[in-house]
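Dear colleague,

Please find below the structure that I am handing over to you. A short account of the findings follows it.

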Amino acid sequence: MSDLAALLRCPRCEVALELERSMPEAGYPELGPDGVLRCARCASRYPLIAGTVRILGTAMQERLIADYPRSRAVLEACLGPGRGSGPDHDQEVKRRTADSFAYEWQHFGQPRPEWRRNFLDYMRPHRAESFAGKLVLDVGAGSGRHSREAVALGARVVAVDIGRAIDVARSNLPPEVLTVQADAEQLPLARGEFDFVCSLGVLHHLPVPRRALRALVPYARPGGHVHVYLYWVPARLWHRLVLAGVGAARRVTWRMPHGLLHALCYPLAAGLLATIVAPYRALRHRPRGRRLAATLPLKAYADYPFGVLVNDQFDRFSAPLERRFTQDQVRSLVRDAGLTDVVVLPNHGWVADARRPASQARRRSTTPDCAGTPRA
């Protein structure tokens with residue numbers, strides 16, 4: 001297990017966890033070892049399955065035995081009464097969202113050369129050299145592509161996701177990255193330690209984005225950065241109307257079997273490629289066509305392969321919940337979380353970067369227990 005395991009904390013008493021037992025040949029050795037982690041104070045035990053620490057509330061932990069039958073011995077040694085599940089509706093939204101993104105990244109999560117530029121676009125105003133030697137927390141890691149790029153740029157990384165997408169991240173990441181399956185709103189990690197706390201494309205899928213962001217802030221060190229990406233409210237009326245139609249369709253599509261929705265995304269993506277993306281590619285280099293090209297949506301896909309367009313249509317229609325924000329709303333969201341030096345930049349959505357005040361004291365959270373490429 002990664003040396004960063006020293007950052008793990010018992011969610012009941014916030015004491016460091018120790019590896020009580022390692023079973024490297026059990027479970028899913030192709031992904032990583034199984035084992036049992038133990039809290040020295042309260043003796044609570046938590047499972048290490050397939051190289052990933054799994055510390056979840058009741059609503060999610062009860063599914064682990066079904067999801068990882070080859071690790072049943074570890075799970076039976078660890079799983080007891082849960083830590084509380086929060087509102088039932090919130091838990092159901094989180095579970096369905098986790099399942100949606102697990103399917104998405106299992107099918108679209110292979111590393112791509114385009115991800116370096118994608119990562120640096122998301123991380124503005126920070127530059128590539130900003131990550132050397134830094135400790136990064138990637139919340140909602142999905143396929144692990146942002147964590148992978150941060151490591152390549154010299155960072156030490158803890159990658160977190162609530163669902164089985166974390167197994168895709170584990171397969172895409174080097175051994176030194178610590179992978180944790182946990183809820184963004186109650187992370188089993190040391191507070192006040194991370195230089196960067198990143199959550200890219202996650203908050204707008206959660207039941208209460210404001211609550212989730214406030215839960216993440218204590219994990220940044222005083223003076224450290226909190227960095228998020230959120231969907232935007234488009235400026236043009238026709239674009240807002242199109243997205244309203246997408247939202248109406250999602251009431252049906254998120255309930256579809258994932259395989260069926262996946263298949264339907266291919267003709268949809270082909271139609272978008274033919275009617276919007278390809279014309280943009282043709283117009284953007286022509287002096288008389290640039291003004292028209294600038295008004296077209298989906299411009300980000302002009303420099304990505306077709307599979308990315310399919311991926312994001314699945315993303316668009318599979319998540320049960322999606323919120324959009326104006327620039328002022330993002331700025332207010334970040335400031336209300338107690339952050340300063342707020343910068344909000346456009347990137348086919350809003351990239352917001354801010355600092356945790358250097359004078360802010362560490363304190364125990366009272367938050368209750370409770371994933372794509374740039375999209376227009």
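Is glutamate 20 buried, partly exposed or exposed? At 35% relative accessibility, glutamate 20 counts as partly exposed (buried means under 20% relative accessible area, exposed over 50%, partly exposed in between, with a 1.4 Å probe and protein chains only).

Please note that this is a predicted model, in which local features need pLDDT of at least 70 and side-chain atom pairs count only at pLDDT 80 or more, while totals for chains, interfaces and linings use all residues. Residues are numbered from 1 along each chain as its sequence is written, and side-chain values use heavy atoms, with hydrogens and water left out.

The model contains 24 salt bridges (a side-chain nitrogen of Lys or Arg within 4 Å of a carboxyl oxygen of Asp or Glu). In one of them, glutamate 20 meets arginine 38, with the closest N and O atoms 3.4 Å apart. Glutamate 20 lies in strand S1 and arginine 38 in strand S2, so the pair ties together parts that are 18 residues apart in sequence. Helices (H or I, at least four residues) and strands (E, at least two) are DSSP runs, numbered from the N terminus.

Glutamate 185 and arginine 211 form another salt bridge, at 2.5 Å from N to O. Glutamate 185 is buried, at 3% relative accessibility.

As for strand S8 (residues 194-200), seven of its seven residues are buried. Six bridges join S8 to strand S9 (residues 220-230), and the two run parallel; strands pair if DSSP finds at least two bridges between them. Within this pairing, serine 199 has valine 228 as its bridge partner.
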